[in-house]
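Okay, thanks for coming, everyone.

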Amino acid sequence: MRIHVWVADQHDRESQRSLINTMLSDPRLHGAGISLQPTPQASDTMGPGFEVIQLVVDSGFQIATLALAFVTWRRDCDRAAELVVRLDDTTRTLSGQELLDVPAAVRALSGQPDPSRSCCVLVGVSRYPHLGDLPAVEQNCVDLAGALVDPGIWGVPWENCRMVLNPQTPRDLLTPVGEAATAAEDTLLVYFSGHGMCDADGRELHLCLSGATQPAAEAAATVPWRDLRTILRAGRAKHRVVILDCCYSGLAIGERDPSAGLLEAARADGIYTLTAASKHSPALAPRSARHTAFTGEIISALREPRTRAEFTTLDDLYRTVRDALIPHQPEPQREGPPHVGALPYFRVPRSADPVEAAAAPGREDLPMPKRRRLFLWAAPPALTAVAATVVAVALWPSGPQGPCSADTRLVGFSDDLDKVQYGGTTVGGLSALTMTAPSEAVSLTDNSPPRLYHLTLGGDPRHVGVKGMTTLVRSDGSHFQDREFDGEGLVLQPHHVLISSETEPSIVRFDRRSGRQNGALDVPPLYRVKSGGGEGPAENFESLTATSNGRLLYAGLEEPLWRDGKVRGQPLLRILRYSGMADQGYTPDGQYGYKADTGLNLVDMVALEDDVLLTLERGYMDGVGNAIRVYRTTLGKRWGIGWDNSLRNVEEQDFAAKTLLVDLAACPAGGARAREAQPNPLLQNVEGMALGPVTSADRRMLYLISDDNLSHLQTTRVYRLDIPLSGTPEKAP
């Protein structure tokens, strides 16, 4: 391939010379065969001596490499010059704005559809009481979304994506699509995975919602394809793409008749459609597989394409998936405008990617946008008995947002719970948080009587609310007296609730339905000694968490035991481990050493793996305010229960190893207000956190909640952050 490049302004010889020098000296282009050629019409068009840069490259050359060279030149050039680039028979002009950003330059050179002006809606229905569940569907949505937002593949901004899980009514499905159709300017991509059925005449496709039956007895339990198509056609997007992974999905593109009339009618729709099967065939969802057959091949084709080409078109994607499935599966179908099928939508991931290299550490001098990922929600496995609810996780911009660090982002916060009244109580003193469903959580109060508030979180991080309340009582049904029970840590099990109390300290078990106490875990005598060696009950068990399989339970101390104390202001804390089974019982079997930061204490934990936790540290100083930090922590040496030596005698390498994920003070204030002194008005007395499941590569969404101590100077605030968690498991605890 021959590439010709020159500065658009024929009189700007200084920029032209600078461009020539940059490209000749760029080591990435040394193998490109660069030469200078005078324009054939130099005297008439460009003036004497104005030269065109010619590159002769092989098929393995990446446009992204050329784009990176252009952006490097533009960074060093004082002028906002435009470039003209001719690739074979196609000539494109790159504006000064497009030359400031490598992905934008790649799009301008290649003709790739603009992900920043595109929207995606991914609909997955996995729960079917009457038709049979499809457990792989939710993972379809998660992994496909992760590929679409990956800047190394397409790079749709995460805020331009939306996932709808288990919609109950047609409106639940169609409304998000309509909103995306209004917002998208370049491409609107809609994906559906679930059961599909045809009408009585076998001519029309119906997308099945959770309540669908066979035959379809309730019209409200399905969405006719024609209704979805009407919304798609009414949108303003330049390109519309639909991917249907369901039985009989071929009905969406009509008869496979070669007559010109039908083909022209389909193309006039302007919708490029990929389907998992023909109009007569089922789509396959192997129960033991991570994905359904069709979507699994799509994800594989995007993540691990078998091609030397730099881009994958929709037609390429179709052919790759079809060839992989034809030997044993239903044959996928496609229809749509040929020019849409030929667009270079998806970049082919490579081990040495110029775009990724530009964003890597050490290249901060280039004006590259930070990577963002999509986060979606699914219920923890131990809580799947919760009734299915529609989940439309809105990821359009909402609320105060911004980076807290190079790889952590504040999505938003809400003060809706602050001093709100519910069931004759004032909501406050919230000291723990755990997810119960994709958009619901439970929070524990640390005041008397202890209560569990059932919260709705929704898709908008600015709005949360209370939907229910459970009061915790003694085994005889009587209420705990003031200071008799001080709940701080919370673990939900299928039939029970475990709560760590600072009083005694203790870990008490309650019936999840009635709220009655029905047991307690054994606490070793070592942990019953009051902090500092004073008399009276210890007040120490501030945090409690369990692994996702329920086999390990961790209880963390807020303050050091008297025998441990502090070293250079750092509290030397213990984390007590229990082993057992959820709803059966636990036995203490080990302990670990943990060093909190100077002036901070350990107030909550979330188990990621058997020996990896998220740890939340909090501190407060009069006249200054709070410090709130979250760490990814790998536990160190484990000692037996009988080990009672002082942690002051322990080697540094035997303590837990911490990596800072987010310092809340570094996040943007975003309009937050504080009634008392704070280093950042966003900060409050955060004591609880809850983590969603892995949703895209190595990232998760993190919720934090603050304890207002029922004080008029403090605020109950819920935070939502987007954090990296490399190497964590697929399911949240």
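Let's start with His206: which residue in E11 is its bridge partner? That's Pro224. And keep in mind as we go that this is a predicted model. The strand pair here is E10, residues 205-208, and E11, and three bridges join them in the antiparallel sense.

Zooming out a bit, E10 and E11 belong to an open sheet of three strands, ordered E9-E10-E11, with antiparallel pairing. E9 covers 196-198 and E11 covers 222-224, and these two stand at the edges. Each has a single partner strand, so one side of each is left without a neighbour in the sheet. From one strand to the next, the twist averages 30°.

Now, what lies across this sheet? Helix H7, residues 225-234, lies across E10 and E11, and H7 runs at about 60° to E11.

H7 has a helix partner too. Helix H6, residues 170-183, packs with H7 at an angle of about 15°, and their axes are 9 Å apart. So H6 counts as roughly parallel to H7. On the H6 side, the contact is made by Leu173, Leu174, Val177, Gly178 and Ala181. On the H7 side you've got Asp227, Leu228, Ile231 and Leu232. As for handedness, the crossing of H6 and H7 is right-handed.

Here's another helix pair to set beside that one. Helix H1 is residues 13-25 and helix H3 is residues 63-76; their axes come within 10 Å and cross at roughly 130°. That angle makes H1 oblique to H3. The H1–H3 crossing is right-handed. If you want to click on the residues, Ser15, Ser18, Leu19, Thr22 and Met23 in H1 meet Leu66, Ala69, Phe70 and Trp73 in H3.

Okay, next stop, a single residue: Thr445. Where does it sit? Thr445 lies in strand E23, residues 440-445. Buried or exposed? Thr445 has a relative accessibility of 1%, so Thr445 counts as buried, the cut-off being under 20%.

What does the Thr445 side chain do in there? The side chains of Thr445 and Asn447 are joined by a polar contact of 3.3 Å. The Thr445 side chain also reaches the backbone nitrogen of Arg451, at 2.9 Å. Leave aside the neighbours within four places in sequence, and Thr445 is in contact with Gly428, Gly429, Leu430, Ser431, Pro450, Arg451, Tyr453 and Gly487.

One more sheet before we wrap up. This open sheet has four strands in the order E37-E38-E39-E40, and the pairing is antiparallel. At the edges stand E37, 601-609, and E40, 657-663. Again, each of these has a single partner strand, so one side of each is left without a neighbour in the sheet. The twist in this sheet averages 25° from one strand to the next. How many bridges pair E39 with E40? Six, with E39 being residues 625-634 and the pairing antiparallel. To find your way there, look for Arg632, which stands opposite Thr659 in E40.

And finally, the whole chain. There are twelve helices and 43 strands in the protein chain. Of its 733 residues, 57% are buried. Take the contacts with a separation of 6 or more: 66% of those are between residues 24 or more positions apart.

Definitions and conventions: Residues numbered from 1 in each chain as written. Predicted model: local features only at pLDDT ≥ 70, side-chain atom pairs only at ≥ 80, totals over all residues. Heavy atoms only, no water. Pairing = 2+ DSSP bridges. Axes fitted to C-alpha atoms, helices over the stretch in contact; angles between N-to-C directions. Contact = heavy atoms within 4.5 Å. Buried < 20%, exposed > 50% of the residue type's maximum accessible area, 1.4 Å probe, protein only. Polar contact = N/O pair within 3.5 Å; in protein donor to acceptor, adjacent residues only side chain to side chain. Parallel < 35°, antiparallel > 145°, perpendicular 65-115°, else oblique. Left-handed = near helix turned anticlockwise from the far one by under 90°.
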